[in-house]
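Have a look at the model, then read the points alongside it.

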Amino acid sequence: ASLDDVVDRACAANDPETILVDLAAVHEQRNDHARADAAYRRAERTGKKASGVSLDTWARHCRERLAAGDHAAARTVLDRALQALGAPSSAAKKKQKSTDNKARVELLSRFAVAEFDVGSAERARTTFDALLAECPKRLDVWQLYAAQTLKQRGPSSSNDRDAAASKVDAARAIFERMVRAPLGRKAAQTALRRFVEFEKRYGTEADVARVRQRARDYVDAQKRAAAAAAAQDDDGGSEEEDDGGLE
C-alpha cells in the first residue's frame, strides 16, 4: 500500500487533523517542506470541516513555512489562522482597534518565537513590539520576549562575550519597558520582582541595587497615594501596602 493509502486509512480511523500534523512533522524532519506544507494544508481543510483547526496546527504550519524560508507564505498562513480563530488579521487590525484576544496573543507570540528560532530576529522583535503595543499589560508576553532575546543566536563571527553582553542589554531594555507599562499594582510589583531576579542572574550588584531602589520607590509612591486618598475619605481609614516580595 502507498503512503497515501496508509494515511487515508489512519485518518478514517482516528482524528484526521492529528494524523496529518504528525505526517507533516515527519516530512519536516526530512527537510521535505513541500510535502510538509501539503500535509498541513490538508489538516487545515479537514479541521475546518470538523470543529475547526486547532491553534497548534496553525502555529506549527507558520513555523514550517518560516523554516522553509518562505516568510510571505508564513504570513499568509498566519492571517488565515487569525481569521479562522476570530481574531483580526494583520491587515484588518489596521482598520479596527485590536483587543487582547487570547487566541491572537498566543498565536502571534508563537509566531514571534518561531521567527527567533528559524526566521528573522528582526521580524521577531517587530512582531513582539507590535503585539505589546496592543497588549502592554501581558506580563507573560514581556517575559517571553526577554527570554527569547537571551536565547537568540548571534552571528557566528561575533565575539561570544560581546554577543552575550549585547543580548543581556537587549533583554534589560525589555524589562525596563515592562516596568514602565500601564500595569495594575500587583502586576507592577510582579514585574519589578521579575526584573530584580533578572539582574541577580545577569547583572551586577549595582544593577540589583538600582532595580530594588526602583521597587522601593514604587511602593513608597503607592503608600503616599493611598494616604492622600484616605485623607479625603470621611472615614479616614488607610490600608497598608505590602512590597509584593520585591526585596
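1. Start with R194: at 29% relative accessibility it counts as partly exposed (buried means under 20% relative accessible area, exposed over 50%, partly exposed in between, with a 1.4 Å probe and protein chains only). Its side chain meets that of E197 in a salt bridge, 3.8 Å from N to O (a side-chain nitrogen of Lys or Arg within 4 Å of a carboxyl oxygen of Asp or Glu). E197 is partly exposed too, with a relative accessible area of 41%. Both sit in helix α10, three residues apart, about one turn of the helix.

2. Some ground rules. This is a predicted model, where local features need pLDDT of at least 70 and side-chain atom pairs count only at pLDDT 80 or more, while totals for chains, interfaces and linings use all residues. Residues are numbered from 1 along each chain as its sequence is written, and side-chain values use heavy atoms, leaving out hydrogens and water.

3. What is the chain built from? It has eleven helices and zero strands (DSSP runs numbered from the N terminus: H or I of at least four residues for helices, E of at least two for strands). Buried residues make up 38% of its 247 residues.

4. Back to salt bridges, of which the structure holds 24. One of them joins E134 and R104 at 3.1 Å, N to O. E134 lies in α7 and R104 in α6, so this pair ties together parts 30 residues apart in sequence. R104 is buried at 1% relative accessibility, whereas E134, at 24%, is partly exposed.

5. R214 and E176 meet as well, at 2.4 Å, N to O. Here the pair ties together parts 38 residues apart in sequence, because R214 lies in α11 and E176 in α9. Both residues belong to a network of salt bridges that also links D169, R172, R180, E199, D207 and R210.

6. Now the inside. The largest nonpolar core has 45 residues, and those with the most contacts inside it are L78, L107, F128 and W142 (such a core is a set of buried Ala, Val, Leu, Ile, Met, Phe, Trp, Tyr and Cys residues joined through side-chain atoms within 4.5 Å). Helix α6 gives the most to this core, with eight residues. A second, separate core of nine residues includes V7, L23, A24 and Y40.

7. Finally, α9. Its buried residues include A163, V168, I174 and F175, and what covers the buried residues includes α8, α10 and α11.

Conventions. Contact = heavy atoms within 4.5 Å.
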